[in-house]
Amino acid sequence: MSTPRSAESDLVRSAQAGDIAAFEGLYRATVGLVHALCLRMAGNAALAEELTQDVFVRAWRNLGTFRGESAFATWLTRLTVNVVLSERRARRTREAHVTPTGDLAALAGAAPAARPGTALDLELAIAALPPQARHVFVLHDVEGWEHAEIARRTGLAVGTCKAHLHRARRLLREVLSS
Amino acid sequence: MMKRVGLSVMALAVVVLPAMAQQKLDERRPASKDGVVEVQNVSGSVKVTGWDRDEVAVTGTLGRGSERLEFTGTGVRTEVRVVLPHFAHHVDGSDLEIKVPAGSRVEVNTVSADIGVDEVAGPVRLESVSGRVTVGGAPREFEAKTVSGGIEIAAAGAPGRASSVSGAVALKGVNGSVEASSVSGAVSVTGDAVSRAELQTTSGDIRFEGGLASGGRLDAKTVSGSVVLLLPAATAADFDVTTFSGNITNEFGPQAKRTSEYGPGKELSFSTGAGGRIVAKSFSGDVRLQKR
Amino acid sequence: MNCQEFTLRLDDFVDGTLSAAERTAAAEHRDQCPGCRAAEARVSLLLAHAASLPRAVAPERDLWPGIAARIEKRNVLRGVFGGAGRLRWPRLGASAAAAAALVVVSSLVTAVLVARRAPAPAPSGVSTGVTAASLQLTQVRGTYEAARTQLLAALAARRGSLSPATLKVVEDNLAIVDTAVHNMEQALARDPGNRELPALLVTAYRQEIDLLQRATRIPARG
């Protein structure tokens with residue numbers, strides 16, 4: 001993010017020592033990143049806010065496991081994916097998947113000026129994808145992850161990941177070309 | 001506010017007026033030899049004793065402010081329940097003394113009332129929030145749960161389990177298979193022929209004094225509590241002892257050595273002979289193996 | 001290569017993950033087939049759009065106060081004055097807490113079993129120090145956190161019906177387990193290959209879930 005790497009590692013070190021103000025600094029620098037990922041993966045604005053909060057609470061708790069081998073944002077992204085996926089696993093046992101349509105307006109309102117029409121259409125179309133196809137698409141085509149990594153995090157086979165990606169791209173192409 | 005006042009007035013008008021004073025109890029009903037006796041009392045005490053008659057008898061006192069004692073049953077299932085009025089401000093505790101056929105299955109639920117069970121040979125299942133649970137005699141099986149109340153099973157010769165949140169859990173005379181756990185309370189177990197004991201706490205101390213039956217297994221785990229195992233000098237078992245940041249004291253064999261490359265961590269595995277298995281693990285507490 | 005074969009390989013083609021030979025064959029087919037050329041163009045356009053989506057989207061409201069409240073709660077739990085502060089309970093739907101707890105308890109049991117049976121970690125050069133037990137732990141942790149959140153919510157919904165003394169016992173002991181979990185998580189972070197910690201950690205998880213389950217079932221006025 002915009003925080004320079006050295007300033008970031010200072011903040012991380014202070015936060016690891018228990019400094020909440022430093023952690024708030026990290027939160028301010030990275031919340032957009034985490035929230036965007038939660039929003040796209042969950043396809044639901046209210047849930048995305050909840051998940052974003054969960055991510056930072058978990059991040060605070062697990063800061064000790066961050067050892068500076070990657071950028072803080074990278075570490076946080078992985079944590080976010082874990083939180084979203086485990087929430088999803090827990091949720092799947094108790095309810096059918098959340099229909100995103102009611103929350104699409106929130107996506108539209110998130111940053112209207114910065115969003116050209118196509119980007120918004122694409123966001124809405126992503127939100128409407130079936131959950132697993134949505135996860136794989138967001139991780140692969142928006143976040144740039146490899147199939148092997150996605151497979152490891154989701155517990156799906158690489159072939160299954162590819163099938164989900166194929167389906168997602170097909171559905172999105174249809175939406176965008178109509 | 002209006003709604004609540006209205007309801008209270010209605011309640012007073014409709015419901016039988018609660019006992020204005022303490023009321024003596026003396027009631028009995030026929031019951032089968034090995035039926036179920038279920039008891040519920042919020043506060044005061046419940047004392048259940050087995051006898052050789054085929055009836056359930058309730059004596060004691062019903063606390064001031066209680067609505068009534070519900071005492072019903074079909075022979076195979078008897079219920080004893082202190083009913084409180086819905087809108088009572090203050091209710092005194094009720095002290096129930098209940099005699100049951102010795103072979104009964106006894107189930108007691110209380111909030112702050114202490115529970116005592118003695119001379120019952122059937123299985124017992126006792127649950128209280130802050131009351132103390134005490135069991136004597138030789139029940140066929142026991143299960144006891146509290147939040148803050150202590151638990152003492154004096155003759156834990158049967159299989160069973162006892163767990164508390166902050167209360168101490170003590171099992172005495174164990175010679176079967178038992179589980180005992182508390183989050184912050186101490187867990188202690190004595191017995192000379194333990195076939196399996198699983199003891200767990202988060203911060204409470206664990207103490208075991210006794211011996212294993214042949215092929216017996218003892219498993220003690222705590223996060224920050226200490227573990228003390230007092231065992232006969234002749235104990236034959238495989239030992240597996242670890243602590244992450246505490247100390248290990250051992251009177252049975254070799255001294256512990258550091259195992260972890262990065263942090264602290266001590267591990268001790270040794271054998272004094274084939275047969276039993278003893279596992280003791282603490283994260284930050286000390287572990288002591290002592291000869292009795 | 002025909003259209004059907006090309007369509008099957010389209011994703012790998014645009015992702016650049018085909019073997020050299022397959023890639024050449026696919027490119028040859030595309031160059032002579034207008035339909036497949038259009039399909040490839042549409043996927044590439046989609047990928048360009050996807051890659052250009054904003055990486056950061058600020059939430060509509062400031063989420064920090066909610067996070068700070070939950071963190072400060074944990075801090076109180078962690079600090080030397082642990083248990084002195086009042087817990088703040090998350091305001092979430094409390095439905096199905098019991099079901100979730102069942103799920104977590106059974107998966108914790110599985111985890112304990114697996115952790116017990118886990119063989120010694122292979123001496124690996126991997127810096128992450130992943131072992132069978134720690135992998136299992138990662139999976140269990142998610143379930144544990146989810147059940148914990150739900151049970152806390154369920155407890156929040158009925159905390160008014162509990163006596164102050166009982167509530168204090170519950171909160172103090174939650175703090176004890178939370179501190180224990182926190183300390184062990186930190187130790188595990190420093191010593192990820194430790195074989196004993198996952199099992200102890202799972203024991204603490206289970207005690208917390210048991211405690212919460214018990215607390216949500218305490219009768220009124222208890």
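In chain B, B:Glu38 stands opposite B:Glu107 in strand β8(B). This is a predicted model, in which local features need pLDDT of at least 70 and side-chain atom pairs count only at pLDDT 80 or more, while totals for chains, interfaces and linings use all residues. Residues are numbered from 1 along each chain as its sequence is written, and chains are lettered from A and ligands numbered from 1 in the order in which they are written.

Start with the strands of chain B. Strand β2 (residues 36–41) and strand β8 (residues 105–110) of chain B run parallel, joined by six bridges. Strands here are DSSP runs of E with at least two residues, helices are runs of H or I with at least four, and both are numbered from the N terminus. Two strands pair if DSSP finds at least two bridges between them. β8(B) also pairs with strand β10 (residues 124–128) of chain B, again in the parallel sense, over five bridges. In that pairing, B:Asn109 stands opposite B:Glu127 of β10(B).

Stay in chain B for one loop residue. B:Arg140 sits in the loop between β11 (133–135) and β12 (142–145). Leaving aside residues up to four places away in sequence, B:Arg140 touches B:Ala121, B:Gly122, B:Pro123 and B:Ala158. Such a contact means C-beta atoms, placed from the backbone, within 7 Å. B:Ala121 is 19 residues from B:Arg140 in sequence, yet their C-alpha atoms are 5.6 Å apart.

Now turn to chain C. Chain C has eight helices and zero strands. Of its 222 residues, 40% are buried. Among contacts in chain C with a separation of 6 or more, 77% join residues 24 or more positions apart.

Two packed helices are described by the angle between their axes and the distance between the axes. Take helix α1 (residues 3–15) and helix α2 (residues 20–32) of chain C: their axes come within 11 Å and cross at roughly 115°. Axes are lines fitted to C-alpha atoms, for helices over the stretch in contact, and angles run from 0 to 180 degrees between N-to-C directions. The crossing of α1(C) and α2(C) is left-handed, the near helix being turned anticlockwise from the far one by less than a right angle; clockwise would be right-handed. From α1(C), C:Phe6, C:Arg9 and C:Phe13 meet C:Glu22, C:Arg23, C:Ala26, C:His29 and C:Arg30 of α2(C). These contact residues divide into three nonpolar, one polar and four charged. Ala, Val, Leu, Ile, Met, Phe, Trp, Tyr, Cys and Pro count as nonpolar, Asp, Glu, Lys and Arg as charged, and the others, Gly among them, as polar.

The axes of α7 (residues 131–142) and α8 (residues 147–154) of chain A come within 10 Å and cross at roughly 140°. α7(A) is therefore oblique to α8(A); under 35 degrees counts as roughly parallel, over 145 as roughly antiparallel, 65 to 115 as roughly perpendicular and the rest as oblique. This crossing of α7(A) and α8(A) is right-handed. A:His135, A:Val136, A:Leu139 and A:His140 of α7(A) contact A:His147, A:Ile150 and A:Thr154 of α8(A). Three of the residues are nonpolar, four are polar and none is charged.

Finally, chain C meets chain B. Here 24 residues of chain C contact 25 residues of chain B. On the chain C side, α7 (164–190) and α8 (197–216) each give two or more residues. The largest share, ten residues, comes from α7(C).

Technical notes:
Contact = placed C-beta atoms within 7 Å. Buried ≥ 20, exposed ≤ 12 C-beta atoms within 10 Å, placed from the backbone.
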